[in-house]
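These are my notebook entries on a structure that I looked up for a reader new to it. Each entry records what I looked for and what I found.

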Amino acid sequence: MSEEKQAVPLFDAADGRTLAEAALRSITASTSRARGEDFLRILVRDLAHALDVTYVIAGRVITMADGDEGIRTLAVWAGKDYLPNMEYSLRHTPCQDVTDQCMCFHASGIQADYPQDTLLVEMRAESYIGMPMIDTEGRTLGILSAIDTRPISEDKRLLALSLLSMFAARGAAELQHQEREQQLEAKVQRRTEALLAAQATLVEQEKMVALGALVAGVAHEVNTPIGVAVTAASTMASYADDLLKCVSGERVSRSELQAMAQRLREGAQLIERNLARAADLIGNFKQLAVDQGSEHVSDVVLREHALGVVTAHGPELRKVGLTVEVDIAPDLRTWLDAGRWSQVLSNLLMNAAKHGYPNGGPGRITLAARMVLDGGAYWLQVEFADDGVGLTAEARERVFEPFFTTKRGQGGSGLGMHIVYTIVHQMGGQVAVASAPGTGCRIKLRLPVRDGKT
């Protein structure tokens, strides 16, 4: 085995210098605008032509499955075309010395020197020159090698050493740049995943805050009819005591019995009406709460569903003086994920209450829905409009942006309308907003309808 590791002059004669300079100019020009994989592919092809060798390989040093060092080729030129990239162990190969940061040269007989390197046999290799690609921190990142099926002459050896040493440095810079890009991309990916996880947590927290406000409002609203019912029941107990005294007396008139019976009937009717009112409120709230916690597509009667959501939010809406008009045909129905659709309507109502009327009402919200035919397909078109203060140009542009809010520091999270946008798009729909200061806000949503189901 003939291996040489001593310094070698780059240019030994004038003709060699001229040839090296011409090759250098040519390769530099062809690779000047190339980056990454393109740079290495052009480099190995042009080096093979300049050196008149069959193979030029650029590869990165890797750790194999068995723990040994190996090479993953990044570009392989094989005489007339590129070969597919491959991986191979450095054990018992001339490249093993190259990764020790030594230049390796074999003018001939390379197969005899490394009989266990089957790749050399397949390539019918006779000669080999390899140069390590070393980065600015002194690490061997890869190799750049020229392999020929003929012996390498002394003149070609000098030219090869000149070109390989120059472009090995450029190749190392390219590999180091790729490595840093990969590290940066991995870091960005980790940060992005962390941000998305944090955003998802905040969205869930926002949903729980909204549900908590809904619970408080419904609880306050339910207290009124239940309080009336309790008072009526207490009064009826008093009437019953009076009735017993009257019946136990020596004399009782028909008119007294009728009056007491009428008072008891009125008390029972008052209890019945108020308990029914409380049951309706609790039922609407329960349906909304269950819907928002479920992911199930079902046949939804749109008007009935919308009225249920509006009723559940009645306490908060009345507190700021808002009325809601539901303009949906009673027979309009379609297949929807009721849970997500309830969340959309809830967020629209609460967004209008919080931001559309900063000084309170009175105000009017309109919720309309109808089926439209567009482009040969049916869509459920929903329009949500209020007559509030409207949006500025900046707010209109950023209304669906996560964490954007005009109530920063006043309890606004900036996630309400982002949740609307996200859910509608997850359902395959579209959402747009039209508004100007002082003209209210109009939000249009479209959901696809296919074969009677969204």
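Entry 1: charges over rings. I looked for a charge over a ring, that is, NZ of Lys or CZ of Arg within 6 Å of the ring centre and within 35 degrees of the ring normal. I found Arg157 over the face of Phe105, at 5.1 Å from the ring centre. I also noted Arg446 over the face of Trp379, at 4.3 Å from the ring centre.

I record here that this is a predicted model, in which local features need pLDDT of at least 70 and side-chain atom pairs count only at pLDDT 80 or more, while totals for chains, interfaces and linings use all residues. Residues are numbered from 1 along each chain as its sequence is written, and side-chain values use heavy atoms, with hydrogens and water left out.

Entry 2: I took helices (H or I, at least four residues) and strands (E, at least two) as DSSP runs, numbered from the N terminus. I counted two strands as paired if DSSP finds at least two bridges between them. Strand β4 (residues 104-106) pairs with β5 in the antiparallel sense, over three bridges. Within this pairing I found Phe105 opposite Ile129 in β5.

Entry 3: strand β5. I asked how many of the eight residues of β5 are buried. Buried means under 20% relative accessible area, exposed means over 50%, and partly exposed lies in between (1.4 Å probe, protein chains only). Seven of the eight are buried, so β5 is largely enclosed by the rest of the structure. With β6, β5 forms an antiparallel pairing of eight bridges. I noted Thr140 in β6 as the bridge partner of Ile134. The hairpin of β5 and β6 has five residues between the strands, and Gly138 there takes a positive phi near 85 degrees.

Entry 4: Gln176. I found Gln176 in helix α6 (residues 154-248). Gln176 has a relative accessible area of 5% and is therefore buried. I then listed its contacts (heavy atoms within 4.5 Å). Leaving aside residues up to four places away in sequence, Gln176 touches Asp135, Thr136, Glu137 and Leu141.

Entry 5: strand β1. Six bridges join β1 to strand β6 (residues 140-148), and the two run antiparallel. In β6, Ser145 stands opposite Ile57. β1 also pairs with strand β2 (residues 69-78), in the antiparallel sense and over nine bridges. Here I noted Val61 opposite Ile71 in β2. Between the strands of the β1 and β2 hairpin are five residues, and Gly67 takes a positive phi near 90 degrees.

Entry 6: Most residues other than glycine have a negative phi. Asp52 is placed in the loop between α2 (36-51) and β1. Its relative accessibility is 44%, so Asp52 counts as partly exposed. Arg124 is placed in the loop between α5 (118-123) and β5 (127-134). With a relative accessible area of 65%, Arg124 is exposed.

Entry 7: aromatic pairs. I counted rings of Phe, Tyr and Trp (its six-membered ring) as paired if their centres lie within 6.5 Å; planes under 30 degrees apart count as stacked, over 60 as edge-to-face and the rest as tilted. The count by this rule comes to two aromatic pairs. Trp77 and Tyr82 form an edge-to-face pair, at 5.0 Å centre to centre and 80 degrees between the planes. Trp77 is buried, with a relative accessible area of 6%. The rings of Phe400 and Tyr421 are tilted, because their planes stand at 35 degrees, with centres 5.4 Å apart. Phe400 lies in the loop between α11 (393-398) and α12 (416-426) and Tyr421 in helix α12, so the pair ties together parts that are 21 residues apart in sequence. Phe400, at 15% relative accessibility, counts as buried, whereas Tyr421, at 32%, counts as partly exposed.

Entry 8: Arg265. I found Arg265 in helix α7 (residues 254-292). At 52% relative accessibility, Arg265 counts as exposed. Its C-alpha atom is separated by 9.0 Å from that of Met236, 29 residues apart along the chain.
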